[in-house]
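This report describes pockets, a cavity, helix packing and some backbone details of one protein model. The model is predicted.

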Amino acid sequence: MEAEGMLAPLSLSAEFEGSFAYLTVRDRLPTILTKVIDTLHRNKDNFFKEYGKEGIQAEKTAISFLSKLRNELQTDKPVLSLTDNAEDSEAWNEYMRRQQDLMEDGRPVSWFKSPWLYVECYMYRRIQEALYMNPPMDKFDVFKEGKTQSFFESQQAIKSLCTYLQELITNMENMTEIQLRDNFLKLLQVSLWGNKCDLSISAGQDNSQKSSPIDSLPDFQRFILVDDSSMVWSTLVAAQGAGSSGMKHARVDIILDNAGFELVTDLVLADFLVSAGLAKQIRFHGKSIPWFVSDVTKQDFEWTIMQTMAANHKWMSASSVQWKHFMKEGTWSYHDHFFWTLPHEFCDMAMDAADLYSTLQGSDLILFKGDLNYRKLTGDRKWEHTVPFDQALRGFQPAPLCSLRTLKADVQVGLKPGQAEKLSSQDPDWMTNGRYAVVQFSSPCREQ
Ligand SMILES: O=P(O)(O)OC[C@H]1O[C@](O)(CO)[C@@H](O)[C@@H]1O
Ligand SMILES: [Mn+2]
């Protein structure tokens, strides 16, 4: 729980004209809605083939719902309650009332006046409402095409990563602890940069052999603004030794972000953790509805393992056969919880999703992937850049945790004095252009 008297700064919001939040709500969100409408249009024939006239009608109604939504957004209309009676609808509507109570002078909660984190999440949930309200479209993933495309476009990098993983596994028995540590740190960084954007990690200056994500790591090192990865390693090692009667084996939870190349980097890291004996159990957490364009759903997770197996490449297949086995025997498991697709800051989790919070408390290490998770960890607020990460978490400390995030939104804490100023003078868009990254760690028992 948040320490008393420690007031959190204001939420980022489109009400601050010219801010990144403002530009996102004004320009990027309507563009995403337009793309979603276009996707439904383009799939019209498929809906007809599959569901006949009913499919066409559903598509039409969903499109008009979404066009109306885009108009509400662009004209800064009040945010509306959800009407689809889904499992999470009441939580959303309750959150809206909470936002309303925070508004000054009883102004309505609206797109440009409310917290950016809230309205952006809300847009994705309203897209889902358009589908829920129009069966048989309720199972349709409007972002599926983009996710599969990004997987296929990164085949080269995936091949080289799987090849690297299989080489490591073959040599694992002879590895010293230092080698194990070095390899862990490399794969942690690959997973970090996997968040940059699917393909760019291996895009070398020239066209030659630079397609290996591992080879690119040294070039990227200087863009890591905070690197707590040695604490992540110590946490894993400490989790091995605990317990007097033999080994305690670590459980690692990975809060996934994007499908495509990023998901493969997470699977490779998870495989290494298990194969090296650093973790006994990996729990992946994904989204229960299509989310923020490229986030992983259960369907994407299963599809990715299947496609990796189907690839005509020895080491990709070998990797995914192992992954399927991990899933079957329960060493790996996939979980979704609707809290991940609510707009809440994570400091609300203990109160608003107590079951999820207590599940996470059983973890030895939680890895939070990506930018949106970072925004939720820090509450998407106007923190001073030098505020410690622990403080910005505002009491969210279920277990040792680490954020692996490339910067795509203007919230960043835990920097050294002067670091942000230097970055601003060298690269004014450092917080949003995705060139920089952080590996930020926090542990409930760490001295603050
Ligand atoms: O997939 P990620 O890393 O969470 O990024 C989500 C993106 O969406 C945003 O919310 C922008 O709309 C940014 O925070 C970020 O660029
Ligand atoms: Mn994402």
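## The second largest pocket

The second largest pocket has a volume of about 760 Å³. Its lining is made up of 35 residues, and those closest to the centre are Ser-11, Gln-99, Leu-102, Pro-115 and Arg-381. Two or more lining residues come from each of α3 (89-102), α4 and α13 (349-352). Of the elements that contribute, α3 gives the most to the lining of the second largest pocket, with four residues.

Sorted by class, the lining of the second largest pocket holds 18 nonpolar, six polar and eleven charged residues. Domain 1 (20-133) and domain 2 (144-442) both give residues to this lining, so the second largest pocket lies between them.

## The largest pocket

Four helices each supply at least two residues of the lining of the largest pocket: α1 (20-42), α4 (116-132), α5 (144-153) and α15 (371-378). The greatest contribution to this lining is that of α1, with seven residues.

In the lining of the largest pocket, twelve residues are nonpolar, seven are polar and 13 are charged.

## The cavity

How many cavities of 30 Å³ or more are there? The count comes to one. About 40 Å³ of space lies in the largest cavity. Its lining consists of Lys-144, Lys-147, Thr-148, Phe-151, Ala-259, Gly-260, Asp-300, Trp-303 and Thr-304.

Helices α5 and α11 (298-310) each supply at least two residues of the lining of the largest cavity. The most is given by α5, with four residues. The classes in this lining are three nonpolar, three polar and three charged residues.

## Packing of helix α4

Helix α2 (residues 44-74) packs against α4 at an angle of about 155 degrees, and the axes of α2 and α4 are 9 Å apart. Angles over 145 degrees count as roughly antiparallel, and α2 and α4 are therefore roughly antiparallel to each other. The crossing of α2 and α4 is right-handed.

Helix α4 also crosses α15, at roughly 135 degrees, with the axes of α4 and α15 coming within 11 Å. Is the pair α4 and α15 roughly parallel, roughly antiparallel, roughly perpendicular or oblique? With that angle, α4 and α15 are therefore oblique to each other. The crossing of α4 and α15 is left-handed. Both α4 and α15 also supply at least two residues each of the lining of the largest pocket.

## Backbone details

Two places in the backbone deserve a separate note. Most residues other than glycine have a negative phi, and most peptide bonds are trans.

The peptide bond from Pro-135 to Pro-136 is cis, with omega near 10 degrees. Pro-136 is found in the loop between α4 and α5. Helices α4 and α5 each supply at least two residues of the lining of the largest pocket.

Val-293, a residue other than glycine, has a positive phi, near 65 degrees. Val-293 sits in the loop between β3 (281-286) and α11.

Terms used
Residues numbered from 1 in each chain as written. Chains lettered and ligands numbered in written order. Predicted model: local features only at pLDDT ≥ 70, side-chain atom pairs only at ≥ 80, totals over all residues. Heavy atoms only, no water. Nonpolar A, V, L, I, M, F, W, Y, C, P; charged D, E, K, R; others polar. 1 Å grid on protein atoms, 1.4 Å probe; cavity = no way out; pocket = protein on both sides within 12 Å on 5 of 7 lines; lining within 4 Å. Points joined across faces, edges and corners; volume = space filled by probe spheres on them. Domains from an automatic or database assignment. Axes fitted to C-alpha atoms, helices over the stretch in contact; angles between N-to-C directions. Parallel < 35°, antiparallel > 145°, perpendicular 65-115°, else oblique. Left-handed = near helix turned anticlockwise from the far one by under 90°.
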